[in-house]
Amino acid sequence: TKQVIKSIQNLMDSITYVQDLTLLGGEPLMNKELPQICRAAGELKKQGKVKFVSIVSNATIVPWEELLQVMKEYGIMIMFSDYGRLSVNMEKAQQACEEHGVQWRYAYSGGRNEEKIQYWSELSTERIDYTKEQLDAKFQNCNSVYDCNLIYRGRYYFCCLSAFLA
């Protein structure tokens, strides 16, 4: 928790403004100290240094009372990545957000009706020999290439997958 808050503060000491600050993992809701991280990010939002703060969850864990209260207080949105059968608590998580006045949406959506768009691809330990055309298509449809820059263990990465693979 201290390292995450320090990384956010180091970033904000180096720049004046961030449009989007997204907390993601693994599954961020596994961190029982997530409310503290949200408070620190929320304070930056209140100071006008960050416009949007959000959490990306795979809906395996339902947000708990304290976290939902902090999210509502600071206007932090939760974005659900729908991994189908793996997102076992999707409905319960969305219902908890609605009951506590916390804004939620699908992490990757588009169109007038917020239709889900599936960008996520399962990573595998097995080698898959894609053709050049298949690799080009995966790259062009990967949200990480365009809007998933991150700071991980004190380093900046253009792509979140490259950070975790490194």
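The largest nonpolar core of this protein has 30 residues, and Leu34, Cys38, Ile55 and Leu67 have the most contacts inside it. Two or more residues of this core come from each of helix H1 (2–14), strand E1 (18–23), helix H2 (34–46), strand E2 (50–57), helix H3 (65–74), strand E3 and helix H4. A nonpolar core here is a set of buried Ala, Val, Leu, Ile, Met, Phe, Trp, Tyr and Cys residues joined through side-chain atoms within 4.5 Å. You are looking at a predicted model, in which local features need pLDDT of at least 70 and side-chain atom pairs count only at pLDDT 80 or more, while totals for chains, interfaces and linings use all residues. Residues are numbered from 1 along each chain as its sequence is written, and side-chain values use heavy atoms, with hydrogens and water left out.

**The chain as a whole**

- The protein chain has seven helices and eight strands; these are DSSP runs numbered from the N terminus, helices being H or I with at least four residues and strands being E with at least two.
- Of its 166 residues, 35% count as buried. Buried means under 20% relative accessible area, exposed means over 50%, and partly exposed lies in between, using a 1.4 Å probe and protein chains only.
- Among contacts between residues at least 6 apart in sequence, 61% join residues at least 24 apart. A contact means heavy atoms within 4.5 Å.

- The protein chain averages a pLDDT of 83, and 80% of the residues score at least 70. This score is the predictor's confidence in each residue, from 0 to 100.
- Helix H3 has the highest mean pLDDT of the elements, 98, while strand E5 (residues 109–110) has the lowest, 47.
- Over residues 109–115 pLDDT stays under 50, and the model has nine contacts beyond four places in sequence for this stretch.
- Where pLDDT is low, the predicted coordinates should not be read in detail.

**Inside the core**

- Ile55 is one of the residues with the most contacts inside the core. Leaving aside neighbours within four places in sequence, Ile55 is in contact with Leu23, Pro28, Leu29, Leu34, Cys38, Leu67, Met71, Ile76, Met77, Ile78 and Met79.

**Helices H2 and H3**

- The axes of H2 and H3 come within 9 Å and cross at roughly 5°, which means that H2 is roughly parallel to H3.
- On the H2 side the contact is made by Leu34, Pro35, Cys38, Arg39, Gly42, Glu43, Lys45 and Lys46, and on the H3 side by Glu66, Leu67, Val70, Glu73 and Tyr74.
- The axes are lines fitted to C-alpha atoms, for helices over the stretch in contact, and angles run from 0 to 180 degrees between N-to-C directions. Angles under 35 degrees count as roughly parallel, over 145 as roughly antiparallel, 65 to 115 as roughly perpendicular and the rest as oblique.

- Ser87 sits in the loop between strand E3 (77–80) and helix H4 (90–99), and is buried at a relative accessible area of 7%.
- The side chain of Ser87 reaches the backbone oxygen of Asn58 at 2.8 Å.
- Not counting residues up to four places away in sequence, Ser87 touches Asn58, Ala59, Ser81 and Asp82.
- Ala59 lies in the loop between E2 and H3 and is buried, with a relative accessible area of 0%.
- Phi of Ala59 is near 60°, a positive value in a residue other than glycine.

**Along helix H4**

- Met90 is found in helix H4 and is buried, with a relative accessible area of 9%. Leaving aside neighbours within four places in sequence, Met90 is in contact with Ala59, Phe80, Ser81, Asp82 and Tyr106.
- Met90 and Asn58 are 32 residues apart in sequence, yet 7.9 Å apart in space, C-alpha to C-alpha.
- Gln94 lies in helix H4 and is buried at 10%. Not counting residues up to four places away in sequence, Gln94 touches Phe80, Trp104 and Tyr106.
- Glu91 also lies in H4, but counts as exposed at 67% relative accessibility.

Technical notes. Polar contact = N/O pair within 3.5 Å; in protein donor to acceptor, adjacent residues only side chain to side chain.
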